[in-house]
Amino acid sequence: MDKLDFIYKRRSVRNFLDADVPADDLREILKAAVYAPSGKNMQNWHFVVVKNKAKIAEMAQIVERKNAELAELLPSEEKRKAFRGMVAYHTVFKKAPVVILVYAGPYPTLATDLAEAKAAPLDLIHALARPNPGVQNIAAAMENLLLAAANLGYGTCWMTGPTYAAEEISKLVGFAKPGYYLAALTPLGVPADNNGTNPPRKPLDEVVTFVD
């Protein structure tokens, strides 16, 4: 099991020391990310690394404003209150010295081709699109990134909540690559507390089926 310890080092970290992440470590972590598998080897990912503290703070403010704006569209006060209550979780990246934005790019599939040609019923197109291999590529790269960071002693937290402010965040950092959208982000830094643990996992028997 020792050979797999690098996997169990990873946990979600939301508090960080005010310590720099050296450029060499960042490059090693990103190199691990781009060594992830991707369908057709399309590597339809792009990473934007933000170290500017003022920009990170502004990014958090953008998420706060967008959260308040979207909350007003919800149909009940209960849902509005619950959504507004999530903003603290959606902005924990503001405590980190580095934020890595992970963008997903175009990935053509059979479902895409059938939809463009209007050559199949919508329910079939939706069924074929459900596996979403383009996003799976991004997820594989993100997991490599998190595992590499943990193995080098850094904390991360896989976040998708803030993506409701994707357009505004992308404008702030000046990223505009045709067909790409913000799929996830992670703070990155030295954990303020090394005593954290991962939440319990479901037993293997509950989530695994062996077929003889």
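**Close-up views of a predicted model**

At 53% relative accessibility, Glu-72 counts as exposed. All views show a predicted model.

**View A. Glu-72 and Arg-84 form a salt bridge.** The N to O distance is 3.7 Å. Glu-72 sits in the loop between H3 and helix H4 (77–85), and Arg-84 in helix H4, so the pair ties together parts 12 residues apart in sequence. Arg-84 is partly exposed, at 31% relative accessibility. Salt bridges with shared partners join Glu-72, Glu-77, Arg-80 and Arg-84 into one network.

**View B. Lys-66 pairs with Glu-168 in a salt bridge.** N and O lie 3.0 Å apart. The link runs between distant parts of the chain: Lys-66 is in helix H3 and Glu-168 in helix H9 (residues 166–173), 102 residues apart. Lys-66 is buried, with a relative accessible area of 15%. Glu-168 is partly exposed, at 27%.

**View C. Lys-53 meets Asp-18 in a salt bridge.** The N to O distance is 3.1 Å. Lys-53 belongs to helix H3 (residues 53–71) and Asp-18 to the loop between H1 and H2, so the pair ties together parts 35 residues apart in sequence. Lys-53 is exposed at 55% relative accessibility; Asp-18 is exposed at 67%.

**View D. Arg-11 is buried without a salt bridge.** Arg-11 lies in the loop between helix H1 (5–8) and helix H2 (23–34). The nearest side chain of opposite charge, Asp-193, is 5.4 Å away. The backbone oxygen of Asp-193, however, lies 2.4 Å from a polar atom of the Arg-11 side chain.

**View E. The largest pocket has a volume of about 210 Å³.** Among its 18 lining residues, the closest to the centre are Tyr-107, Thr-109, Thr-112, Asn-132 and Gly-134. The lining comprises 11 nonpolar, seven polar and no charged residues.

How values were computed. Residues numbered from 1 in each chain as written. Predicted model: local features only at pLDDT ≥ 70, side-chain atom pairs only at ≥ 80, totals over all residues. Heavy atoms only, no water. 1 Å grid on protein atoms, 1.4 Å probe; cavity = no way out; pocket = protein on both sides within 12 Å on 5 of 7 lines; lining within 4 Å. Points joined across faces, edges and corners; volume = space filled by probe spheres on them. Nonpolar A, V, L, I, M, F, W, Y, C, P; charged D, E, K, R; others polar. Helix = DSSP H or I, 4+ residues; strand = E, 2+ residues; numbered from the N terminus. Buried < 20%, exposed > 50% of the residue type's maximum accessible area, 1.4 Å probe, protein only. Lys, Arg positive; Asp, Glu negative; His and termini not counted. Salt bridge = Lys/Arg side-chain N within 4 Å of Asp/Glu carboxyl O. Polar contact = N/O pair within 3.5 Å; in protein donor to acceptor, adjacent residues only side chain to side chain.
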